[in-house]
Amino acid sequence: MFTTDKAASTVIELLKQYNIKKIVVSPGMTNVPLSMTVQSDPFFEVYSVVDERGAAYFATGLAYESGEPVVISCTGATASRNYIPALTEAYYRNIPIVCITSQHHTADKRDLVAQVTDRSVSQNDIKKVSVMLPFIKDAEDQEACELLTNEALIKATAKGGGPVHINLPVDNTYPFKNTMQNVPVRKIDYYDNSISRYAVNKLKNQLKTKKIGIFIGSHRIFTASEIDLINDFVQSYDVAVYADHTANYTGKNRINNTQIFELAKSPDRPDLIIDLGSIVENYSHGLLYGIPTWRISEDGEFHNRFHALKILFDMQESLFFELLTGDGYSNHKFYKSLKSQIDAYKVPEVPFSNTYISSKLSEKLPKNTNLHCSILNSIRNMDIFDVDSSVHVTSNVGGFGIDGAVSTLVGQSMANLNKLNFGLIGDLAFFYDMNGLGIRHISNNIRIIMINNSEGVEFRLNARLEPMWGSETDLLIAAKGHNGSAKAWAESMGFEYISATDCESFDEQIDKFCSSSLDAFNKPVFFEAFTTVEEEQEAFHKIRNIERPKSGVAGATSSNAGSTDTSFSTGTDRVFQNYDGTPGISDATRQLARAIKRKLRPRTRLLAAIGKDPVLLEEKRIEAEKAAEDKRAAAEKLAQNQQTLQEYIPKNAQKDGLIVTLTGNFNYGNIVQRYALKHILSQNKLNFDTTYLQVNPNDNTSPIFENTREFVSKYIGGEDFDPFKLQGYRNYVVGSDQVWRDWYLGNWDMLAPHFFEFIDDDLEFDDEYVNKNANRISYAASFGVDDIDVAMTSEIQEKVAPEIKKFDAISVRESSGIDMIKNTWGPDATLVLDPTLLLTKEDYSELIENSSSKNTKIEKLFYYVLDTDDNKNTFISNISKTIGGQITEFDLPPSDGEIPFKPVEDWLKGFRDSEFVVTDSFHGMVFSIINNTDFVVIGNKVRGLARFESLLGVLGLTHRLLDEEGLQSVTYDDLGKIDWKSVNKKLEKLRNQSLNWLLENLK
């Protein structure tokens, strides 16, 4: 029995991902979801110790002697208190104990419920970290649960290891199922200063294939040597460096966040983000959410800025860039493309405002000075414009509060009285911290611009507030009418006071204000600029609705070229933009806002506003005409194919179903997985047809395929794909193999059959809806990779959405596929074995013995590699010298050659009769496992690693996956022996679960 509690399932799956097998369970009720599941899962080694005190000491001894982390699990009440002595011992001896305490998610000590204790605090010296997991109700809870569990499991083993605590809330109803849930989780990899050369090479190989963006949050000033290291890294992979002013990055390939996201509105995104630094002001970085992220964390803390943390590097930033810089110089043209988009827009003229002042200040600031900006409007406006690289920009974005801007600036100025310090501060921020002007240490190296619009204009720029309430926001939210001018206060504090009320008066004074000479003023300077809400709004929206280039700029699209229809003040249905650049509220919604204020029915008013929109009405008319035309065309097509339907549908209705998968005669693994699925169904008295999809014409004519073609004809069969011949089956099964990977470069017509797009749900035959109740499932379908955007384009993803939601049940071959399906389209999926693993060694031996291949000689070493090179050849040669014996090299002949492919049975015999296999093929790995033949598999990144990692992970064989770059550092003695008894036990369990899933989901 396996729990369906999401939090418990997440923890269990992550334990498996971290290869933590040993669990000591003490009896109880609240830990039933964990204890029942691990006793049913062959992956875990479970021990029962009744007394929690003894259980924890037992785990301490087990962990110390085995060198592996050990989990201890207990129920509620005082059970966890008994762990304290042993956890204290483990803490001071750095022994990795993962303490999981369970409790009912609805329980609260204030409710006076029995057996509920407070675990939110504990002694400092019994754990390295304590995490309180949320009860999972939505995606945010799931993400938090994953992140916290990753943090605990990493800290249990990192830097010497030690005990950690995970408090697990569980569903009071204890929901269970008979099958393994395989919750998709995100494992966060971890590296520190002890990172191996093998790992470095592996990571470098990943970087070589990606468009990379470095994202730098607010940051201390980089040293010259750090900039040099980053420059080398940037050049070696052609990296774009996303950095606002507070990043203080002065190296190569800098891209201004505001300029690229809010102004250029670039659609281009990196494949991978390397994240460092602290909080940033600019909210537009949210456009990078979901992109896989590597975080460099000098303090070792877990930060998940883009909600897609993949690797945590607990090391100095300089060490990261030093180790991972590539060997040459790349040119993906990613940075160049982004830079050209920034260079293409033209900043418009704006009225007197924070935006105008920032544009002038950015030009005039002297070199080698400091600039401190208050949060939100001031720092955001300054981020629009470039400043000299020698200017050090700061803002209080750590706590991100309105207070302290003036005092912080004064403190900065004290560090070097010979260095000029400028401030750009809004009125609310200034008056909140106005006492900062009275600090008696102030010298003449401070010059402040205070922008006074008489309120917090930030709230009048907000697209959620402004259309709804307008000037009503002024009363409390924007606090209009505060304190007037700062003139008297500034002068009384010894400042030279100047002011401006328009562009002309500001321009007259800005040059002297920004003089590089300390002697330009003999006292600190306070420059008060009076702006209005209306001018601030006009400037804000002008700058964010810049006219786009009509052509010739990378990243420019027809939808925004030359367009200003999102202007604040023009257009028939104007659209306000939020300050983060996202679309705001249109005039139709403004009518709804007015309706609310007049206490009218908002829904009716909104529909009325939309219904009167001529553009929407025209779109609806066009859609209706198209729908009618599509229906007429479908009817004509149906009439033309009645003869085909008359012939095939009655026959199809008598069959159990149809298998749709990748086909051909050129790939042994594909051929045998097709055989295996059809054969296992036949063993269970189910009669399934197959269909040929995307077959190379040479398959049926070329002599090189005569052997494989014979096997397919004899054991698999099938007809050419014709949608009208394939209607009316009771069951449709797609899979296995990489059926859901876009091999066709965006050609939906080629990929669509693997999502059953050809099934006509409205087809009538003999007065019956023949496909109305058709059962659609996938069995072990695969994307081949663990990134949906690599597997298929966003356009294809949109086409898949309506089709995959029609599936009655979905199973996949890799655990990463579960997460990809859930996050992209919504449905749940189950992890199952590749169909080749549903059959046994004896099943395949029967094929071999019934063929001429039974006489084929197989040497001690079997070498089946799809992509050969000198590195792999040297590796097999070294293995041969170590263990002795000849090599059977199973080559694929070139498709235009004359040498036939060897029989499929020869291929199967190689894995059965050899003693050691070297392969880079997924199915080569599979048949080594089936036959219990010692093996190594060389990671094939181009063909996809997710399927390798997923299967080897559940069988405990991940050490048999080698990186191509590190082959020469691996010897035969490094590999150790495989515990085939353990592997076979797990495989048999998974085989039964997978077959049960398949049979249970067929009609």
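Cys-74 is buried, with a relative accessible area of 0%. In this predicted model, its sulfur lies 5.9 Å from the closest cysteine sulfur, that of Cys-99, which is too far for a bond. The structure holds 0 disulfides. Cys-373 likewise counts as buried, at 0% relative accessibility.

**Overall architecture**
- The chain contains 35 helices and 37 strands.
- Of its 1003 residues, 55% count as buried.
- Among contacts in the chain with a separation of 6 or more, 74% are between residues 24 or more positions apart.
- The accessible surface of the chain is about 43100 Å², and carbon and sulfur atoms contribute 49% of that area.

**Nonpolar cores**
- The largest nonpolar core has 100 residues, and the members touching the most others are Trp-740, Tyr-779, Tyr-844, Ile-929, Phe-935, Leu-951 and Leu-998.
- Helix α23 (residues 668–683) supplies the largest share of this core, 8 residues.
- A second, separate core comprises 38 residues, including Tyr-18, Val-38, Val-131 and Ile-188.
- Beyond its neighbours within four places in sequence, Ile-929 is in contact with Phe-935, Leu-951, Leu-952, Leu-955, Leu-957, Trp-980, Val-983 and Leu-987.

- Glu-905 is located in helix α31 (residues 904–913).
- Glu-905 is buried but forms no salt bridge, and the nearest side chain of opposite charge, Lys-714, is 5.9 Å away; the cut-off for a salt bridge is 4 Å.
- Residues touching Glu-905, apart from those up to four places away in sequence, are Phe-711, Tyr-715, Leu-847, Ile-848, Ser-851 and Ser-853.

**Salt bridges**
- The whole structure contains 38 salt bridges.
- Asp-41 pairs with Lys-16 in a salt bridge whose closest N and O atoms are 2.8 Å apart. Asp-41 lies in the loop between α2 (32–40) and β3 (45–48), and Lys-16 in helix α1 (residues 6–17), so the pair ties together parts 25 residues apart in sequence. Both Asp-41 and Lys-16 are buried.
- Arg-93 and Glu-89 form a salt bridge at 3.1 Å, N to O. They are separated by about one helical turn because they lie 4 residues apart in helix α4 (residues 84–93). Arg-93 is partly exposed at 40% relative accessible area, and Glu-89 is partly exposed at 32%.
- Lys-155 forms a salt bridge with Glu-301, with 3.9 Å between the closest N and O atoms. Since Lys-155 lies in helix α5 (residues 139–157) and Glu-301 in the loop between β14 (293–296) and β15 (309–314), the pair ties together parts 146 residues apart in sequence. Lys-155 is buried at 18% relative accessible area, whereas Glu-301 is partly exposed at 33%.
- Arg-220, Glu-226, Glu-298 and Glu-317 are linked in a salt-bridge network.

Methods
Residues numbered from 1 in each chain as written. Predicted model: local features only at pLDDT ≥ 70, side-chain atom pairs only at ≥ 80, totals over all residues. Heavy atoms only, no water. Helix = DSSP H or I, 4+ residues; strand = E, 2+ residues; numbered from the N terminus. Buried < 20%, exposed > 50% of the residue type's maximum accessible area, 1.4 Å probe, protein only. Contact = heavy atoms within 4.5 Å. Areas by Shrake-Rupley, 256 points an atom, 1.4 Å probe, with all protein chains shown as cover. Core = buried A, V, L, I, M, F, W, Y, C linked by side-chain atoms within 4.5 Å. Lys, Arg positive; Asp, Glu negative; His and termini not counted. Disulfide = S-S within 2.5 Å.
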